[in-house]
Amino acid sequence: MDLQKQTAPASELRASDADRDRVADLLGQALGEGRLTADEHAERIEEAFRARTVGELEPLVRDLPGPHRQRAATPAYGHAPDRPTAALPPDPDENVVAVFSGAMRKGRWRAGRRIHAYAIFGSVEIDLSEALFEYQQVVVKAFSLCGHVEVTVPENVSLRGTGGGVLGQFEVDSLDAEDPNAPVVYVDGWSVLGNVEARPRRGRTVADILDRVRRTADRGLRGRQDR
């Protein structure tokens with residue numbers, strides 16, 4: 001018997017992590033707009049991350065306005081990947097912890113590849129608007145329990161978010177830099193009776209990290225030519 005390859009309907013295609021993340025982003029926006037209650041958001045987020053096919057994801061945003069459905073069906077971002085593509089260290093380069101207190105990291109500081117932020121009945125501020133980016137991809141792992149985690153980035157980097165909340169709020173203002181080679185900040189977080197938020201700070205920009213790479217390469221080339 002000859003077997004012919006058949007294309008499955010779009011609704012039966014296996015959902016990717018990027019598909020689930022896009023739906024999670026849309027649900028988070030709907031929660032922030034008041035279209036979903038906290039309980040509805042938590043329930044749909046759980047279903048989204050359990051979904052195996054695209055058809056299982058579609059009903060989760062079906063009752064939201066038209067733009068939501070359109071954004072769920074097509075990738076929202078063209079320049080930066082939704083997930084880090086570079087290898088990350090197993091341990092964080094830096095931990096910022098606030099327990100019944102406040103903690104912050106701001107000013108001119110070197111941003112590592114992996115930053116962990118924990119707010120337990122406290123507040124954490126991660127301000128990258130003046131930070132030195134030595135890596136193109138930076139991941140901020142954020143957890144809030146009855147607390148607040150705020151991440152601020154320069155306006156000319158890309159910003160992505162993946163996460164959710166239980167009786168809490170997770171809100172990331174996704175951003176695409178005009179330069180596809182600009183740094184990308186990924187905020188991966190979860191909030192319980194608290195909130196995690198990330199947004200760009202307008203008027204603050206970061207120098208293109210590729211300029212420093214080019215200068216280093218040029219110095220190395222000149223050094224070899226002088227020998």
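At 53% relative accessibility, does R50 count as buried or exposed? R50 counts as exposed at that value, where exposed means over 50% relative accessible area, buried under 20% and partly exposed in between (1.4 Å probe, protein chains only). The structure is a predicted model, in which local features need pLDDT of at least 70 and side-chain atom pairs count only at pLDDT 80 or more, while totals for chains, interfaces and linings use all residues. Residues are numbered from 1 along each chain as its sequence is written, and side-chain values use heavy atoms, with hydrogens and water left out.

The secondary structure of the protein chain consists of five helices and twelve strands; these are DSSP runs numbered from the N terminus, with H or I over at least four residues for helices and E over at least two for strands. Of the 227 residues in the protein chain, 39% are buried. The accessible surface of the chain is about 12700 Å², and carbon and sulfur atoms hold 49% of that area; accessible areas come from the Shrake-Rupley method with a 1.4 Å probe, and for residues only the protein chains shown count as cover. Among contacts in the chain with a separation of 6 or more, 70% join residues 24 or more positions apart, a contact being defined by heavy atoms within 4.5 Å.

The helix pair α1 (residues 17–32) and α2 (residues 38–50) has axes that come within 10 Å and cross at roughly 175°. Axes are lines fitted to C-alpha atoms, for helices over the stretch in contact, and angles run from 0 to 180 degrees between N-to-C directions. The two helices α1 and α2 are therefore roughly antiparallel to each other, a term applied to angles over 145 degrees, with angles under 35 counted as roughly parallel, 65 to 115 as roughly perpendicular and the rest as oblique. On the α1 side the contact is made by R20, D21, V23, A24, L27, G28 and L31, and on the α2 side by A38, H41, R44, I45, A48 and F49. These residues divide into eight nonpolar, two polar and three charged, where Ala, Val, Leu, Ile, Met, Phe, Trp, Tyr, Cys and Pro count as nonpolar, Asp, Glu, Lys and Arg as charged, and the others, Gly among them, as polar. The exposed residue R50 is also placed in helix α2.

The largest nonpolar core holds 28 residues, of which I126, L128, V151, V185 and V187 touch the most other members. A nonpolar core is a set of buried Ala, Val, Leu, Ile, Met, Phe, Trp, Tyr and Cys residues joined through side-chain atoms within 4.5 Å. At least two residues of this core are supplied by each of β1 (94–99), β4 (114–120), β5 (123–127), β7 (137–145), β8 (148–154), β10 (169–172), β11 (184–192) and β12 (195–201). With neighbours within four places in sequence left aside, V151 is in contact with I126, L128, V140, V187, E197, A198 and R199. A second, separate core has 14 residues, among them A15, V23, L60 and L64.

Several further positions were examined individually. G102, in strand β2 (residues 102–105), is exposed at a relative accessible area of 56%. Its C-alpha atom is separated by 9.9 Å from that of V149, 47 residues apart along the chain. V166 lies in strand β9 and is partly exposed at 35% relative accessibility. Outside four places in sequence, V166 is in contact with W190, S191, V192 and L193. The C-alpha atoms of V166 and L145, 21 residues apart along the chain, are separated by 9.7 Å.

Loop residues complete the description. S174, in the loop between β10 and β11, is partly exposed at 31% relative accessibility; the C-alpha atoms of S174 and V185, eleven residues apart along the chain, are separated by 9.9 Å. F121 has a positive phi of about 50° although it is not a glycine. This residue, F121, is placed in the loop between β4 and β5 and is partly exposed, with a relative accessible area of 42%. L167, likewise not a glycine, has a positive phi of about 50° and is located in the loop between β9 (158–166) and β10.
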